[in-house]
Amino acid sequence: MEPEADIKTTAKGFFCMLCNVNLPNQSSLEQHVLGRKHQTLRTVRSTRKKEEEHSVFVSGLKPDTTQLDLVEYFRQFGAVTDVIMDKDKGVFAIVHFGEEAGVEAVLSCPEHRLKGLKLRVKPREKKEFKLILKNKDNDQNLQRAFERLKPDLCQTASVDAQMQHVMERFQLGDNEKKARGLLVQLLQEVFIEFFPDSQVLPFGSSVNTFGVHSCDLDLFLDLDNTKIFQAHAKPEQTGEGTSDDGRSEDSILSDIDLSSASPTEVLELVAVILRRCVPSVHKVNVVAGARLPVVKFHHRELNLHGDITINNRLAVRNTRFLQLCSGVEVRLRPLVFAIRYWAKQKQLAGNPSGAGSLLNNYALTLLVIFYLQNRQPAVLPTVEQLKAMACEEEECVIEGWNCTFPSQPIAVPTSTNTQNLCSLLAGFFTFYAQFDFAGSVISLREGRVLPVADFLGQSKEEEEEEAMEEEQPAKAHQSGLKLGPFNLLDPFELSHNVAGNLTERSRRSFQRECQEGEKYCRSLQYQRKSTKGKTWGLVRLFCPQGNVPQSKSEAGDLSISIPFKLSALPEELRLRLHTAGDAFRQLWFQRVCFAVEGVFQRVLRCGSAPSATTAEDSAVEMESASTSLNTSTASDLTDSWGEPSPPGAASAGGKRRLSSDSDDASPHGKKPRLGRGAKTASPHWVWTQSHKVWAGRRKVRRELIKDRDARPEGSCVEVESQVTAHILDKEEALKDPVEFKVESQMVGGTESTKALLKFKPNRDNEGLFQDFFHFLEVFLPKMVETLLQTEG
Ligand code: ATP
Ligand code: MG
């Protein structure tokens with residue numbers, strides 16, 4: 001199906017039926033259609049469709065029919081690639097063929113017989129693609145659950161009591177825990193048959209004290225002892241049929257050498273065992289592409305989703321750590337339950353099936369613990385302090401990471417902090433509302449933030465050398481940390497950013513919601529029960545996200561921010577930022593402004609209009625800025641910003657230097673104009689545009705890149721410049737060009753570092769600026785990123 005078939009025109013713009021989203025205008029539609037979500041769903045849909053077209057539905061099987069029987073029978077029609085059987089009932093199967101011709105051949109055969117029974121063979125039913133509907137159902141369920149929760153919360157006496165109520169309402173009940181325990185036992189019994197001496201260990205929310213009804217069951221299949229068993233058994237295997245302990249060699253273990261098999265190969269075997277031997281287990285899938293490969297399954301009777309991993313000893317240990325924290329501090333659980341619920345309602349956490357750009361529950365819990373470590377006085381100790389409280393027998397190192405902490409809460413002194421839950425929850429929002437995410441790496445190990453600059457551009461060798469000198473072996477592990485908009489260091493695996501999957505957008509949403517939460521928690525509605533039966537306390541805090549205005553421009557905010565995104569910068573620039581030391585933000589900001597200018601001038605071919613601010617002001621400002629620059633940074637900046645103007649650029653300007661002692665910095669642009677009387681140089685530009693360069697770009701781009709690799713919008717400077725040139729060439733000019741002003745400013749320090757661009761239409765007689773701005777909201781940050789990448 002072509003993308004257009006998924007798009008419906010509505011009174012408010014467009015609606016994508018595949019992704020279930022509203023799109024306000026043409027440019028956001030174009031962006032959406034090329035975006036990852038839409039493209040992924042299209043791929044999934046076409047894969048499913050292909051699967052349907054390549055397979056047949058077979059029923060009327062004898063109960064003892066095996067997959068092999070079916071393969072044997074159906075291969076006469078074409079290569080059979082897979083057979084999926086309904087294991088529980090044993091009455092139907094789906095047979096996949098490598099080619100569609102196989103399906104045609106089967107269906108054209110008038111009669112099929114197997115083991116004396118007549119088989120019924122039908123084409124597969126064409127099912128509508130339902131992925132999105134499921135999400136919608138989830139949202140609705142969430143909403144319904146919230147509606148049911150509201151009256152109870154409103155009647156509760158205090159915020160503290162509300163938080164206790166939320167916890168009691170959602171936590172795993174004793175029976176649920178028992179049922180999970182029984183399933184673990186059953187799995188243990190099954191797996192030990194195939195993997196002698198193996199152990200099935202539950203971890204994650206089923207056992208870490210933060211589990212809610214229906215949370216998944218995370219299991220670690222520990223095969224270390226099986227490997228030892230296998231190593232010992234090997235010499236005995238002489239083809240006699242049994243090994244020394246009498247276990248049958250017909251076991252699955254004889255098919256695989258655990259010491260050399262890949263995790264996926266082992267998990268494929270685990271999947272086979274689950275499918276064949278565990279009653280009520282279905283929907284078994286191996287997900288090999290995940291950070292940790294996993295087998296997913298569903299238990300029908302318990303309605304439980306489960307995950308089995310084989311390389312996850314650290315997760316078992318960090319689960320123990322969470323259990324310990326709960327045992328040490330009784331306020332932790334209600335706090336975590338409330339914050340998880342809040343995050344779920346605001347769509348900040350809870351990635352479906354582990355993928356996505358939101359925080360997961362583990363990361364969210366770590367954020368709560370970190371916040372508690374940073375209270376005055378501290379509510380929880382740091383991981384380093386916990387390590388010091390452990391005794392010798394509790395020492396634990398996993399994969400080279402020190403995971404030592406006491407096994408019992410009693411070993412940890414009680415905190416002297418007496419804040420109640422209500423104030424701790426409010427404090428959580430305040431803490432992260434002002435948090436400098438761009439400049440910080442959150443370390444629970446040390447209970448403080450580490451400057452991001454410490455992690456910039458340092459090579460592994462350098463770090464190891466440093467660590468050796470400082471006799472701090474743990475620090476050597478910091479190399480390889482994937483820095484991003486949100487840097488949350490795992491407490492044990494110190495090279496792992498637990499929030500490394502977050503995008504700048506999800507980071508921003510998290511912080512914005514914390515700011516909203518902070519504001520609300522200051523109000524009386526939060527702290528005092530309403531005497532008039534109105535919603536108060538947690539109820540308002542838990543209101544689902546959705547009351548925010550659809551577009552910033554509709555809300556009168558014509559600003560676009562370009563966040564500091566280390567991961568998107570080229571290696572050379574990272575190194576420069578590292579050598580710039582504290583001035584790295586200014587240097588980065590300069591680069592961004594240069595790129596912004598490049599987008600308007602070269603990519604979108606805007607003309608520059610005379611500004612209201614005089615050139616004299618600008619010169620004076622630059623002069624004063626340059627005198628306060630520290631020498632090493634100055635040479636750095638001159639180097640980086642000294643490239644010649646590209647041919648055809650509207651104007652060329654002198655080099656501009658930074659003030660090193662301020663967070664607000666000015667780039668050396670080609671035609672920067674500086675606000676009169678401003679303390680630091682904040683460049684602004686006035687641009688004109690005489691064509692609708694934002695309209696119809698997708699079509700032009702498609703035509704231009706027909707024969708090349710398909711590139712998404714904004715990923716290639718050359719292509720985008722050509723698209724603009726084409727529009728300028730072929731489309732009629734506007735009667736009255738649009739003129740607009742762009743002011744740049746770096747926002748940093750206590751907030752995350754970003755370049756803030758404020759837009760103001762000076763002339764917009766045809767009412768086109770709104771559309772242009774919508775387009776820029778998406779296009780400009782992407783294009784700036786590309787320019788930073790390609791032109792460093
Ligand atoms: P829930 O399943 O209710 O969302 P959970 O804590 O079980 O919560 P999962 O995503 O299922 O979260 O992860 C299971 C466990 O795996 C976590 O509790 C944690 O021990 C570990 N884990 C999850 N994500 C990470 C991560 N990014 N880094 C390190 N360990 C992780
Ligand atoms: Mg889980």
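Predicted model: local features only at pLDDT ≥ 70, side-chain atom pairs only at ≥ 80, totals over all residues.
Local features here need pLDDT of at least 70 and side-chain atom pairs pLDDT 80 or more, while totals for chains, interfaces and linings use all residues; side-chain values rest on heavy atoms, without hydrogens or water. Residues are numbered from 1 along each chain as its sequence is written, with chains lettered from A and ligands numbered from 1 in the order in which they are written.

Let us begin at the metal. The magnesium ion (ligand 2) is held by the OD atoms of Asp 216 and Asp 218, at 2.0 to 2.1 Å. Donors are N, O and S atoms within 2.8 Å of the metal (3.2 Å for Na, K and Ca), and since water is not among the atoms, sites may look incomplete. Asp 216 is partly exposed, with 27% relative accessible area, whereas Asp 218 is buried at 11%. Buried stands for under 20% relative accessible area, exposed for over 50%, and partly exposed for what lies in between, using a 1.4 Å probe and protein chains only.

Ser 214 has a positive phi near 70 degrees without being a glycine, and it is exposed, with a relative accessible area of 60%. Most residues other than glycine have a negative phi, and most peptide bonds are trans.

Strands S9 and S10 lead us to the sheet. Five strands form an open sheet in the order S9-S10-S13-S12-S11, with mixed pairing; two strands pair if DSSP finds at least two bridges between them. S9 and strand S11 (281-287) are the edge strands, each with a single partner, so one side of each has no neighbour in the sheet. From one strand to the next, the twist averages 25 degrees. S11 and strand S12 (residues 294-299) run antiparallel and are joined by five bridges, and His 282 stands opposite His 298 in S12. Helix H10 (residues 263-277) packs on this sheet, touching S10, S11, S12 and strand S13 (304-309), and its direction makes about 175 degrees with that of S11. Contact here means heavy atoms within 4.5 Å, and angles run from 0 to 180 degrees between N-to-C directions of axes fitted to C-alpha atoms, for helices over the stretch in contact.

Two further backbone details are worth a look. Asn 20, in the loop between strand S2 (13-16) and strand S3 (21-23), also has a positive phi, of about 60 degrees. Asn 20 is partly exposed, at 30%. Elsewhere, a cis peptide bond with omega of about -10 degrees joins Gln 376 and Pro 377, and Pro 377 belongs to the loop between helix H13 (361-373) and helix H14 (383-389).

What about the cysteines? The model has zero disulfides, a disulfide being a pair of cysteine sulfur atoms within 2.5 Å. The sulfur of Cys 19 is too far for a bond, because the closest cysteine sulfur, in Cys 16, is 3.8 Å away. Cys 19 is buried at 2% relative accessibility, and Cys 716 is buried at 12%.

We finish in helix H17 (residues 504-521), which holds Glu 518. Glu 518 is buried, with 13% relative accessibility. Leaving aside residues up to four places away in sequence, Glu 518 touches Phe 429, Thr 430, Ala 433 and Gln 434.

Methods:
Helix = DSSP H or I, 4+ residues; strand = E, 2+ residues; numbered from the N terminus.
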